[in-house]
Amino acid sequence: MDPPGADNPPPPPAISDRVLIGGTVDPVTLTADGSLVWPGGRHRSLSVEEEVLGVDAEGPRIRIKALVDDGAGDRACWAGGKGGGGLVRKDVVFEPLSEESKRLWCDKLRGCLDSLDRPKKLFILLNPFGGKKLAPKTLANVVKPLLEDASIQFDIQETQHQFHAKEVARSLDLSKYDGIVCVSGDGILVEVVNGLLEREDWEAAIKVPIGIVPAGTGNGMVKSLLDSVGEPCTASYATLAIIRGHKKSLDVAAIKQGDAKFFSILMLSWGLVADIDIESEKYRWMGSARLDFYALQRILHLRRYSGRISFVPAPGYETHGEPTSYSGNFGGKDIVFEKSERSSAKVEGQGYQGPDVKLEELSWRSIDGPFVSIWLHNVPWGGEDIMAAPDAKFSDGCLDLIAIRDCPKLSLLSLMTELNNGGHVKSPHVIYIKVKAFVLEPGPRVDDPTKEGIIDTDGEVLAKGKGTFKSEHKTIMAYDRLLITVDQGLATVFSPI
């Protein structure tokens with residue numbers, strides 16, 4: 001924001017009065033643009049929109065509860081602060097010199113907060129089993145205190161089993177809430193989106209904003225949201241974003257195979273990335289180091305998979321692959337989802353069916369395998385330290401495709417070390433393009449055709465082929481051809497801006 005000057009005068013005050021603050025009587029001003037300012041060794045201020053959580057009247061005093069960068073503000077006026085870096089809870093306490101002044105201050109401050117359209121009541125889904133099982137502590141020590149300071153009411157539901165959050169979202173009385181908050185990793189968020197889209201009132205339900213507080217193994221969505229404005233991926237920054245009430249549209253990818261469908265908001269992978277993500281679960285006791293450890297194993301004993309991908313390139317990416325056409329036949333075989341891909345997006349009483357796209361009228365291209373890895377991403381970060389798709393946008397109607405057909409092991413090891421900054425997409429061994437629709441035709445391993453692979457969606461096993469790991473959980477789809485289309489900006493998430 002430009003500093004006040006002759007061509008940019010400061011906004012007029014909404015209220016300005018002399019009050020007792022920091023042991024002395026000084027003028028305090030609430031400007032029309034929502035800044036609270038007071039004098040000191042240097043100019044002091046708070047942004048009501050960005051930093052103030054709530055306002056309380058305590059006898060003759062007014063307490064303004066704020067969440068600020070560590071070290072900000074006048075120490076003589078702050079109360080209850082704790083250091084340690086990042087965001088810190090601090091209060092501004094002052095005493096108006098008359099009862100009428102106090103009443104006016106309270107009315108103006110609360111009116112300013114009410115004008116911001118912040119949520120009044122939230123439904124919180126807590127996953128007590130995810131990651132390092134820190135979600136209950138995160139909720140108790142960070143989320144609840146901040147929501148209470150902001151006078152936001154909330155109900156809490158702990159998830160008990162896989163797909164419990166999906167069941168809750170499908171039946172929840174959404175009229176009671178201004179948003180749903182997931183204190184978890186990405187898995188609960190994905191379940192909520194799928195649950196909302198299975199409702200009969202899905203068109204209204206999917207517009208209910210969803211907030212994410214990082215408390216799981218994979219925190220790619222909240223990392224992407226906070227990193228987009230240069231904020232660290234912490235529970236306090238994520239909770240503040242929810243309190244502020246800003247919203248952002250989010251693309252939703254519909255994955256179909258016959259009558260089966262699944263809605264993805266983060267990523268889909270097949271090959272190396274899927275194998276590392278899913279098969280490393282047996283080393284979960286190692287914490288996040290399990291991914292690096294197992295990645296090294298997989299690179300040293302590299303697998304290549306037969307298969308084919310077909311896609312509709314976004315403008316500017318039309319030179320990749322070979323021209324093909326969409327029909328009921330891809331790769332010489334009848335495609336299994338022709339019926340479902342022609343379904344209307346608004347079938348009454350059946351929930352959301354996916355975007356109604358005339359696929360045969362689009363310009364398709366294809367690339368034949370073998371492949372080392374296929375990775376589709378909806379947002380930049382796949383985890384807190386994995387910038388999978390640096391050019392991905394939240395609502396551009398595209399998925400970012402990261403494909404590796406072949407790569408020497410040393411080069412592959414080198415580009416994997418670039419995942420934390422997105423440098424891997426610059427490798428000559430990597431195809432990095434944006435696509436608007438996608439068909440995956442997965443095949444067996446080149447070195448052993450009796451064994452197939454894993455298709456991973458948002459950290460869950462969507463499909464697994466012959467010779468992969470054994471699991472009690474049933475997969476949603478078969479290890480076979482599947483179609484992915486994108487509905488631009490379908491969902492809504494709480495965002496820092």
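The model is predicted. Helix H2 packs with helix H7, and helix H3 packs with helix H4. There are four cavities of 30 Å³ or more.

**Helices H2 and H7**

- H2 spans residues 135–149 and H7 spans residues 235–244.
- Their axes lie 10 Å apart, at an angle of about 30°.
- H2 is therefore roughly parallel to H7, as angles under 35 degrees count as such.
- H2 passes H7 in a right-handed crossing.
- On the H2 side, the contact uses Thr138, Val142, Val143, Leu146 and Leu147.
- H7 meets them with Ala235, Ser236, Thr239 and Ile243.
- This contact has six nonpolar residues, three polar ones and no charged ones.

**Helices H3 and H4**

- H3 covers residues 164–171, and H4 covers residues 186–197.
- The two pack at an angle of about 35°, with axes 7 Å apart.
- The crossing of H3 past H4 is right-handed.
- H3 contributes His164, Ala165, Lys166, Ala169 and Arg170 to the contact.
- H4 contributes Ile188, Glu191, Val192, Asn194, Gly195 and Leu196.
- By class, the contact of H3 with H4 holds five nonpolar, three polar and three charged residues.

**Largest cavity**

- The largest cavity holds about 70 Å³ of space.
- Its lining includes Leu272, Val273, Ser373, Trp375, Ile402 and Ile404.
- Leu415, Met416, Leu419 and His424 also line the largest cavity.
- Helices H8 (272–279) and H11 (409–416) each give two or more residues to this lining, as do strands S21 (373–377) and S24 (399–404).
- Eight lining residues are nonpolar, two are polar and none is charged.

Key
Residues are numbered from 1 along each chain as its sequence is written. This is a predicted model: local features need pLDDT of at least 70, side-chain atom pairs count only at pLDDT 80 or more; totals for chains, interfaces and linings use all residues. Side-chain values use heavy atoms; hydrogens and water are left out. Axes are lines fitted to C-alpha atoms, for helices over the stretch in contact, and angles run from 0 to 180 degrees between N-to-C directions. Helices (H or I, at least four residues) and strands (E, at least two) are DSSP runs, numbered from the N terminus. A crossing is left-handed if the near helix is turned anticlockwise from the far one by less than a right angle, and right-handed if clockwise. Contact means heavy atoms within 4.5 Å. Ala, Val, Leu, Ile, Met, Phe, Trp, Tyr, Cys and Pro count as nonpolar, Asp, Glu, Lys and Arg as charged, and the others, Gly among them, as polar. On a 1 Å grid over the protein atoms alone, a cavity is a set of points where a 1.4 Å probe fits but cannot get out, and a pocket is an open set with protein on both sides within 12 Å along at least five of seven lines; lining residues have an atom within 4 Å of a point. Grid points are joined across faces, edges and corners, and a volume is the space filled by probe spheres set on the points. Angles under 35 degrees count as roughly parallel, over 145 as roughly antiparallel, 65 to 115 as roughly perpendicular and the rest as oblique.
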